[in-house]
Amino acid sequence: MIDYRSDTFTKPSPGMLEAMFKAEVGDDVYGEDPTVNKLEALSAEMFGMEAAIFCPSGTMTNQIAIKCHTLPGDEVICDHVSHVYIYEGGGIALNSASSVRPINGKSGQLTAEQVEQAINPDDIHKPRTSLVSLENTANRGGGACYNFEEIKKIKEVCNAHNLALHLDGARLFNALVARGESTKQYGEVFDSISICLSKGLGTPVGSVLIGTENFIKKAKRVRKVFGGGMRQAGYLAAAGIYALNNNVNRLADDHRRAKMISEALGKKDFISNILPVETNIIIFDVNGRLGPADFAEKMRENNIKVTVISKTQIRIVLHLDVTEEMVIQTIKVIEQL
Ligand SMILES: Cc1ncc(COP(=O)(O)O)c(C=O)c1O
């Protein structure tokens, strides 16, 4: 079976498993797991930020960040298809008692001008705007990458209006590899950054939230309340350290393979609106001779799994458990449809 449903479907590689087996562990709720401490220090250092906290999921790191940056009754600006808004179970309302100002950005990305226009005036009738949350790469934007110059402009708007700036960087390493950018430049601009280790980087579990000492101190309290305090989590952190050291540069292979598949898709009469493929995600419309469900079914008959993400769209995600041979096989199947 070739599984393109998500880059979360990877299984730990032998090298990663060996690193996990060998991990030195302790009770992380007491701050005594040396491997978790090492992963947190490594992550903070990579981004040139002060501190980091290891959590079970990207949903948790995002939700903790939002809770730490807001007060009940505040408002968060984000794109209308961002993960924090549409895929986290209404967590902004539930966990932070804050409202969302969803913006219709381009490919899941906001401009500084859109952010500026969405900030509420200082008026008792309006919720207090306190946070801007960006997503890079943008999942529902087809893995699109921000232009870093736009991010810097958004930061200027945030500074001028005293807003915090959070990054949902579940797939930030895909953007860094695709755009030749550095972790440090992101660390300089964002107040908090969430990175996922369990997507393109291939660990079984885990995300890291990075920020200032003070912010992470607050985040530790919130993680406990959310039930995210883990004990001998060093086994999982060891997978994260392995992933950061070994699985970043190879993301370029996923990006190249995504382009190969999208080129094959582009030749089919029933496929249209392929979102520009910059990283490891391909989103496209299926209509005409086949619809999305027919396409998914035909692929499944050939042992290939894809996801129907809307009434018209399919999503294919490349990752480290998809080999070059599997991609060539997939292209052959597409050509025969
Ligand atoms: C952009 C983005 N942010 C956050 C998450 C949440 O990660 P998790 O599944 O670890 O909660 C995902 C998951 O797919 C995602 O795509």
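Colleague: What makes residues of helix H8 (residues 172-179) count as buried, and which are they?

Modeller: Buried means under 20% relative accessible area, with a 1.4 Å probe and protein chains only. In helix H8, Leu172, Phe173, Asn174, Ala175 and Leu176 are the buried residues. This is a predicted model, in which local features need pLDDT of at least 70, side-chain atom pairs count only at pLDDT 80 or more, and totals for chains, interfaces and linings use all residues. Residues are numbered from 1 along each chain as its sequence is written, and side-chain values use heavy atoms, with hydrogens and water left out.

Colleague: What do the buried residues of H8 pack against?

Modeller: Contact means heavy atoms within 4.5 Å. The buried residues of H8 pack against helices H2 (34-47), H9 (183-189), H11 (234-246) and H12, and against strands E6 (164-169) and E7 (192-196). Helices (H or I, at least four residues) and strands (E, at least two) are DSSP runs, numbered from the N terminus. Just after H8, Gly180 has a positive phi of about 65 degrees.

Colleague: Why is one side of strand E9 (271-272) and of strand E12 (307-308) left without a neighbour in the sheet?

Modeller: Two strands pair if DSSP finds at least two bridges between them. The order in this open sheet of four strands is E9-E10-E13-E12, with antiparallel pairing. E9 and E12 stand at the edges, each with a single partner strand, so one side of each has no neighbour in the sheet.

Colleague: How do you know that E12 and strand E13 (residues 313-317) pair?

Modeller: Two bridges join E12 and E13 in the antiparallel sense, and the definition asks for at least two. Val308 has Ile314 in E13 as its bridge partner. Helix H13 (residues 292-301) packs on the sheet and touches E9, E10, E12 and E13.

Colleague: What makes the largest cavity a cavity, and which residues line it?

Modeller: On a 1 Å grid over the protein atoms alone, a cavity is a set of points where a 1.4 Å probe fits but cannot get out, and lining residues have an atom within 4 Å of a point. The structure holds one cavity of 30 Å³ or more. The lining of the largest cavity is Ala170, Arg171, Phe173, Asn174, Cys196, Lys199, Gly200, Leu201 and Leu251.

Colleague: What makes the largest pocket a pocket, and which residues lie nearest its centre?

Modeller: A pocket is an open set with protein on both sides within 12 Å along at least five of seven lines. Of the 22 residues lining the largest pocket, His83, Tyr87, Asn139, Arg171 and Lys199 lie nearest its centre. Helix H3 (residues 58-69) gives the most to this lining, with three residues.

Terms used. Axes fitted to C-alpha atoms, helices over the stretch in contact; angles between N-to-C directions. Buried < 20%, exposed > 50% of the residue type's maximum accessible area, 1.4 Å probe, protein only. Points joined across faces, edges and corners; volume = space filled by probe spheres on them.
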